[in-house]
Amino acid sequence: MPIPDVEIINKLGAIMHVALRIPEAEVIPDARIFDDLGAESIDILDIRFRIEEAFGFKIDEGEIMRSIDPDKGFEELKDQFTIGATAAFIRQKLDQLEQGHA
């Protein structure tokens, strides 16, 4: 049975709380991971590792950003790198796992 989207957001809240030392209440779908939540580039490694551990799949470097738009670079996508975009990426990866394609 698929993990509900609300559970994905809740797990992301817990991950961001630990990795960025912010209140889980700040982790809303529209929150930009860099500008709103205060992440720095080095934090993304920790966040990526925690997502892998929490959801049980591997993430290639830059894979989350490429899922937003594979034709744009980091600086162009920074404002679109949100909790909602990350949750959508996780949903896609979980769906692929469930279908046996990950």
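Helices α1 and α5 cross in a right-handed manner; a crossing counts as right-handed if the near helix is turned clockwise from the far one by less than a right angle, and left-handed if anticlockwise. This is a predicted model, in which local features need pLDDT of at least 70, side-chain atom pairs count only at pLDDT 80 or more, and totals for chains, interfaces and linings use all residues. Residues are numbered from 1 along each chain as its sequence is written, and side-chain values use heavy atoms, with hydrogens and water left out. Helices are DSSP runs of H or I with at least four residues, numbered from the N terminus.

**α1 with α5**

- The axes of α1 and α5 (residues 83-98) come within 10 Å and cross at roughly 120°; axes are lines fitted to C-alpha atoms over the stretch in contact, and angles run from 0 to 180 degrees between N-to-C directions.
- The two helices are therefore oblique to each other, the class left after under 35 degrees (roughly parallel), over 145 (roughly antiparallel) and 65 to 115 (roughly perpendicular).
- On the α1 side the contact (heavy atoms within 4.5 Å) is made by D5, I8, I9, L12 and M16, and on the α5 side by I83, T86, A87, I90, R91 and L94.
- Eight of these residues are nonpolar, one is polar and two are charged; Ala, Val, Leu, Ile, Met, Phe, Trp, Tyr, Cys and Pro count as nonpolar, Asp, Glu, Lys and Arg as charged, and the others, Gly among them, as polar.

**α1 with α2**

- Helix α1 (residues 5-20) packs against α2 (residues 41-55) at an angle of about 140°, with the axes 10 Å apart.
- That angle makes α1 oblique to α2.
- The crossing of this pair is right-handed.
- Helix α1 contributes I8, K11, L12, I15, M16, V18, A19 and L20 to the contact, and α2 contributes D43, D46, I47, R50, I51, A54 and F55.
- By class, the α1 contact with α2 holds eleven nonpolar, four charged and no polar residues.

- Leaving out residues up to four places away in sequence, M16 touches R21, I22, V27, I33, I47 and I83.

**E52**

- E52 lies in α2 and is buried (under 20% relative accessible area, with exposed over 50%, partly exposed in between, 1.4 Å probe, protein chains only), at 11%.
- Not counting residues up to four places away in sequence, E52 touches F57, K58 and I59.
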